[in-house]
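Grab a pencil and work through the exercises below, with the model open beside you. Try each task on your own before you read its solution.

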Amino acid sequence: MDQKSSNLPTETTSLPDRGGLRDRFSFSCHGGAKMAAQAYAMGSREINQHFNIRNAKLLAISFVLVLTVGHGIHRSYGGGDTCEWLLSSGRFLGENVWQPNGCMMHKYKISEVKNCLLNKYIAFVGDSRIRQFFYAFVKIINSDIKEEGNKHENISFEDRSTSLKVDFLWYPEVNNSMKDCFKAWTEGARLKPHLIVVGAATWSIKIHNGSMEALSQYKTNLTLLTPLLQKLAETNDIYWVLQDPVYEDLLSENRKMITNQRIGLYNDVTLSILNSSARSTAAKVKILRASKLIAEETIAGSLDGLHLPETTRDINAMILLNSYCNRIVKPIDGSCCLPQSPLSLIQKLTGCFFIICMISCIVVTYFCHNWRKNKPSTDVESGEEKKPATTSLSNPEKLLLSLSKLGLIMGYFYLCDRADLFMKEQKYYTHSTFFIPLVYIIVLGVFYYDNTKETTMLNREQTDEWKGWMQLIILIYHISGASTFLPVYMHVRVLVAAYLFQTGYGHFSFFWKSGEYGISRICQILFRLNFLVVVLCLVMDRPYQFYYFVPLVTFWFMVIYVTLGIWPQTGKKEENGSCSPHWAVVFKLRSFENAFSVWPISKLFEWQGFLHEWWFRWKLDRFAVLHGMVFAFLYSILKKSHLLSEGKGETLFAPRLSSFLLFTSVVVFLTYSIWCANCKSKTECNELHPYFSVLQILSFILIRNIPGYVRSVYSSFFAWFGKISLELFICQYHIWLAADTKGILVLIPGNPVLNIIVSTFIFVLVAHEISQITNDLVQIAIPKDNYVALKRLCATVFLLGLLTLSTVERLNE
């Protein structure tokens, strides 16, 4: 050892230049790295100082105010009529999917059409293109109708079950014959149409060889016809269809004179006459411009260059039905021409409550501020007066402030999804709309990683991370309409099951470790789960079961509590002799599994009316909570038996067992994905999902926790979202999506990417603020004292009474 020590200086001094160079290089590298780290830290602090969550929320408030004022001005000063948007503008989202600008178009079913058109008479008046329109319309009611017979004659259709009559009247030119037809209807004909669709021009171009004299005559005849149309429009719905373009290359020789240039001239004449007439009378003939826009994109698929492809005619028929029937049927996913629903009694009472809270908050804050400002504080030792120290808000002030902020937020919810202010558009799935955002969030999640405080399996940071990335995927799934793609649908079903799995695991673990079954703990959990949903039920006029996931989790929590809390109780106290041993847990889990076969629970969930959707949701994941409880139970046994290695950097099990389980988990994970890709239908997949989803969940848990390093790190990005996952899930219903999740909220029209960025920014910050409000209120409303918490349950009874009143009022409408 001495020898080695004596050699070291010799080696060191033999290369002084290299050593010095190496030391200087090392110093410069470490110094540069240190300086870079310091610069990064300083930059981060500088950024966080100027752009933190508080400033982000102020920016979101500015966006909301500007957008609200902008949309309000747009609606008030023209251009805000959704019926006009439906009839005059739009774009194709994909093949045969038409999107009117700013509103959602409902796809009508036969039953809805019959309900809307009960005892109605409808007339299609015009040329061969209007005849195509007629057939597309009646085929929605009866798909067996054939396009046959003499094309240049009248055609009649009747549906006796609804006393519906639909006629096509052959009037290919705007002339005296068409005028006489409309004149007969205005002079009190016995059978007057409730709905009239009219249009003609190409026949005039054809038989007059496109002459300008024919155009002049068309203008004269339409001018004479317009007063009759206006008179009918006073009591009936009149739609004038603009002339669609043609595909000139496919036109036959006897139609070559029908050019798009001549069609444009006829359309210009029509618009000039009908629009000028509409300005001088209250009655208005509706002009169907959208048909022309649709044909411009699809006319290349025409067989003869003149008549539209069948899919294009179907879109026109749906536009007509949305324009006429939406005010009657009132579909949730059809916002075009949909009248605003009047405020219910509950909504009015809720609005008054929040207004009172806001006024009270302003008054209390003002007087408290002046009282604190004017009240001197005395130094006891010196007897000198000094300025009062900064004090925190009292509970009444916190309560009023929280409710006031919540009231303003609920006002935004109402404006987004109940008031006729912001635009809404329908979803359309493409692989890019789902997978590109998915890649973005994965990259962000991996980039923002940190070390966990604990290295135990499913520690707090890891479960928050798990909730976060699952919630982000579910959000992308909802806004992209990915439920139409079966493999994505099935994987998202696993994510929902994983949430319920965590519910069983988390609550079981808490009760098992603490043995605490006090009323305060239960009330706090129920409050956190249900507060936002109850408020939204009152503000948005929706039943409790509409927000299906919260009732589902609430029910399962109560089942877990009853299962573990009833005698003999299970938990940590078992070591002291006051709680049940392990065998009691097994017995209770068996009873828990059969809970739904017991009356009256079974009767509650067998109701196929109001709770049908909720029953379907429960059935899909009926074993997930039980699986989570069993996993928590087995995990506690393994941990107590010292069969797990949860130290930093250690594999969870012995090396061979860890390798085997890791390999098996990867195989199972991939096998499930392959099965989802080959599943034939949702019905078939949903039948097997409750039994197979647990394999995917367990595989993920093992992959995430077996390697020691992976268990020691987590994504702070995903964990941040995981802490507000419940609020994100609920808030998306109304301020990110629209029409109760059926569509997409449009804050910035004409720019889908920018719209998603801005609406997402506002949505996430609103969810975060609601989470903080809920945390503040739960501390005020639910004290830790069990006796006081029990007395305050009367407030819950009051809210349940309001919900019941809301439901009864809705059923009586």
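**Exercise 1. Which residues does Phe434 touch, not counting residues up to four places away in sequence?**

Step 1: Look around Phe434, where the touched residues are Tyr429, Ile473, Ile476, Tyr477, Ser480, Ala482 and Val488. Contact here means heavy atoms within 4.5 Å.

Step 2: Buried means under 20% relative accessible area, exposed means over 50%, and partly exposed is in between (1.4 Å probe, protein chains only).

A quick word on what you're looking at: this is a predicted model, where local features need pLDDT of at least 70 and side-chain atom pairs count only at pLDDT 80 or more, while totals for chains, interfaces and linings use all residues. Residues are numbered from 1 along each chain as its sequence is written, and side-chain values use heavy atoms, with hydrogens and water left out.

**Exercise 2. How many helices and strands does the chain have, and what percentage of its residues is buried?**

Step 1: Count the elements: there are 31 helices and 15 strands. Helices (H or I, at least four residues) and strands (E, at least two) are DSSP runs, numbered from the N terminus.

Step 2: Turn to burial, and you'll find that 48% of the 813 residues are buried.

Step 3: The chain has about 42000 Å² of accessible surface, and carbon and sulfur atoms own 61% of that. Such areas come from the Shrake-Rupley method with a 1.4 Å probe, and for residues only the protein chains shown count as cover.

**Exercise 3. Which strands pair with strand 15?**

Step 1: Start with strand 11 (residues 423-426), which runs antiparallel to strand 15 (residues 743-746) and is joined to it by four bridges. Two strands pair if DSSP finds at least two bridges between them. Here Met423 has Val746 as its bridge partner.

Step 2: Now find strand 14 (residues 737-738), also antiparallel to strand 15, with two bridges. Ala738 sits opposite Gly743.

Step 3: Follow the chain from strand 14 to strand 15: they form a hairpin with four residues between them, and Ala739 in the turn has a positive phi of about 50°.

**Exercise 4. Is Asp740 buried or exposed, and what about Lys330?**

Step 1: See what makes this pair worth a look. Most residues other than glycine have a negative phi. Yet Asp740 has a positive phi of about 55°, and Lys330 also has a positive phi of about 55°.

Step 2: Locate them. Asp740 is in the loop between strand 14 and strand 15, while Lys330 is in the loop between helix 12 (310-329) and helix 13.

Step 3: Compare with the cut-offs. Asp740 is at 3% relative accessible area, so it counts as buried. Lys330 reaches 52%, so it counts as exposed.

**Exercise 5. Where in the chain do the partners Asp237 and Lys286 lie?**

Step 1: Recall the idea: side chains of opposite charge can pair when their charged atoms come close. A salt bridge is a side-chain nitrogen of Lys or Arg within 4 Å of a carboxyl oxygen of Asp or Glu.

Step 2: Asp237 and Lys286 form one, with their closest N and O atoms 3.0 Å apart. The pair links distant parts of the chain: Asp237 is in strand 7 (residues 237-241) and Lys286 is in strand 8 (residues 286-288), 49 residues apart.

Step 3: Arg460 and Asp464 meet in a salt bridge at 3.5 Å, N to O. They are four residues apart in helix 16 (residues 460-480), so about one helical turn separates them. Arg460 is exposed at 61%, whereas Asp464 is buried at 6%.

Step 4: Finish with a network of salt bridges, which links Asp417, Arg418, Arg542 and Asp740.
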